[in-house]
Amino acid sequence: MHGALAGERILSTAGEQRLAAVDAYMRDLQDRICSGLEALDGGAAFREDTWERDEGGGGRSRVLEEGDLIERGGVNFSLVRGDRLPDSASARRPDLAGQAFAATGVSLVLHPRNPYVPTVHMNVRYFDAGEA
């Protein structure tokens, strides 16, 4: 799946090198978070679904349900690409209009079984556009 997510090179060489390093970090981050949560929970395991985006990229969605500590939780990775930024994304940065882009990240939402423990929501994102 890693190759399918990488897709065709659309950024500058430096941009692709940055993206490859961040992509590896984000995948590892998802793996470490899921492993740690499974160990803490003690019984439940994440199930994984992979997906692809027609315009470029894809991801791994992982869900844990009915655990000892976590009632329901999701830890998701995505990498998406495009050959042209949407107009809305470059409205404040006209120098980026029409540029290729790539974005990757990990997001998680955890609903603990204990109603006195707060729900967790976190996002880690990386966005690259243009020819830098």
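Which strands does helix α2 (residues 13–41) lie across, and at what angle to β3 does it run? I looked this up in the predicted model. Helix α2 lies across β2, β3, β4 and β5 and runs at about 170° to β3. For such angles, axes are lines fitted to C-alpha atoms, for helices over the stretch in contact, and the angles run from 0 to 180 degrees between N-to-C directions.

**Ground rules.** The model is predicted: local features need pLDDT of at least 70, side-chain atom pairs count only at pLDDT 80 or more, and totals for chains, interfaces and linings use all residues. Residues are numbered from 1 along each chain as its sequence is written, and side-chain values use heavy atoms, with hydrogens and water left out.

**Overall layout.** I listed two helices and five strands. Helices (H or I, at least four residues) and strands (E, at least two) are DSSP runs, numbered from the N terminus. Along the sequence I read α-α-β-β-β-β-β. The C-alpha atoms fill a box of roughly 50 × 30 × 25 Å along the principal axes. I noted 132 residues, 40% of them buried. Buried means under 20% relative accessible area, exposed over 50%, and partly exposed in between (1.4 Å probe, protein chains only). I then checked contacts (heavy atoms within 4.5 Å). Of those with a separation of 6 or more, 57% come from residues 24 or more positions apart.

**The sheet.** I traced an open sheet of five strands, ordered β1-β2-β3-β4-β5, with antiparallel pairing. β1 (47–52) and β5 (120–129) are at the edges with a single partner strand each, so one side of each has no neighbour in the sheet. The twist from one strand to the next averages 5°. Two strands pair if DSSP finds at least two bridges between them. Between β4 (residues 101–112) and β5, which run antiparallel, I found 10 bridges. In one of them, L110 has V120 of β5 as its bridge partner.

**G73.** Is G73 buried or exposed? G73 is buried, at a relative accessible area of 4%. I placed G73 in strand β3. Leaving out residues up to four places away in sequence, G73 touches F46, R62, V63, L64, V109 and L110. I also checked R113: R113 and G73 are 40 residues apart in sequence and 10 Å apart in space, C-alpha to C-alpha.

**E66.** I found E66 in the loop between β2 (57–65) and β3 (70–82). Phi of E66 is near 55°, a positive value in a residue other than glycine. E66 is exposed, with a relative accessible area of 58%.
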